[in-house]
Amino acid sequence: MILEYPNKQSKENIVKAAKMFKPIEYDSKHSYLYFGDNFSVLSSLLNYNSNTIDLIYIDPPFFTNNDFYISKDRANTISSSKLDREKAYSDKFNRNDYFNFLRKRLILLRELLSEQGSLYIHIDYKIGHYIKILLDEIFGVDCFKNDITRIKSNPKNFARKAYGNIKDMILFYVKNNNNYIWNEIKQYTLDNIDKKFPKVDSEGRRYTTVPCHAPGETMAGKTNSLWQGLYPPKGRHWRMDISELEKLNNNGLIEWSRTGNPRIIKYADEYKGSKIQDVWLDYKDPQYPLYPTHKNEDMLDMIIKQSSNKDSLLLDCFAGSGSFLNAAYKNERYFIGIDNSDIAIKTIKSRDIGNYCFIDYNSINNNDNIKVNNG
Ligand SMILES: C[S@@+](CC[C@H](N)C(=O)[O-])C[C@H]1O[C@@H](n2cnc3c(N)ncnc32)[C@H](O)[C@@H]1O
């Protein structure tokens, strides 16, 4: 399935336009910040080298038809006094232009990804479903991994006749479905540990128990066999091979109730966290943002730990406050940041994000006669 819209540019023309930009050198063991239009910068990077970036996170304009301002004391979106604010960036597009704008950048971004690379794109519920179709076309449906719901704010009392909106979405794609960086980062919290592990054994260790069986019947085999004189209850199967259950039992890790019901013991001091699911509740946006639409940096930190390695090269070509660049630096990754707003660049430069090479792309263009094109 393909998204068609008037004036959709062909991939060939996009690639041809990108080829007209002069290559700019970079390597995967340095960090860079570019001030300039990201189509031009991405083209120049790509013309120097492809397949270099392990993780891309982008949070582009969402087609909101708004301008985004920053005021002297605090970044916000629309409401600050007109006298006391400067425009950080504009998100005003015609719909088809917006699709062209984003699609051509996504095409280049895929080429820049390494063979084990991933892309996360932050988008909202109004436009995100169209972007999903564009991404399926560019990356292939097999390379789609998740549509993550991120709770972005506390409930609001909207005046309009509809449900309040407290979520946005993050689409996660990989370049190569058979081989991508995935570090199985777990969600670990010490909150509610007493609730999670309510029992205490004779040695004072906190623990809980979980059933030995799980929903779904297996017709034959070792998860449906007789174990300790029991079959799994109707409609269920043993959670593991019965030889594994037997090992747990021999090691004192099965608790038997008075009525003969076995449950597996899980100790709090061996708890390594739980699998992260696709609804993210704990990553609301900062109360005091450095920049409009400044994203939660703990969320970016987790994405980086999950989908890149130490020393990987990461990229955010809609860098804004530099939130992703900061999280990359804190995690000992290298980064490429791009933004065409001087306020964004000023904000990024004011942060402690280690050593990086700053390049004013427009000025190298002027000196070096590179074709300038605003994408
Ligand atoms: C939604 S904000 C990103 C916010 C960022 N994720 C953060 O946490 O601070 C989008 C950014 O994209 C930048 N931008 C928009 N169009 C661009 C373009 N063509 N080239 C480079 N940057 C662009 C804007 O200046 C803005 O800073």
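In this predicted model, an N or O atom in the side chain of D59 lies 2.7 Å from a nitrogen atom of the ligand, a polar contact being a pair of N or O atoms within 3.5 Å. The protein buries 97% of the 610 Å² that the ligand exposes when taken alone; accessible areas were computed by the Shrake-Rupley method with a 1.4 Å probe. The ligand is surrounded by 21 residues, each with a heavy atom within 4 Å of it. D59, Y291, S321, S323 and D339 are the closest.

The protein contains ten helices and 19 strands, defined as DSSP runs (helices H or I, at least four residues; strands E, at least two). Its C-alpha trace spans about 80 × 45 × 45 Å along the principal axes. Of the 375 residues, 46% are buried, that is, under 20% relative accessible area with a 1.4 Å probe, counting protein chains only. Among contacts (heavy atoms within 4.5 Å) between residues at least 6 apart in sequence, 69% join residues at least 24 apart.

The protein exposes about 19,800 Å², of which carbon and sulfur atoms supply 49%.

Residues are numbered from 1 along each chain as its sequence is written, and side-chain values use heavy atoms, without hydrogens and water. Local features need pLDDT of at least 70 and side-chain atom pairs count only at pLDDT 80 or more, whereas totals for chains, interfaces and linings use all residues.

Notes
Buried < 20%, exposed > 50% of the residue type's maximum accessible area, 1.4 Å probe, protein only. Polar contact = N/O pair within 3.5 Å; in protein donor to acceptor, adjacent residues only side chain to side chain.
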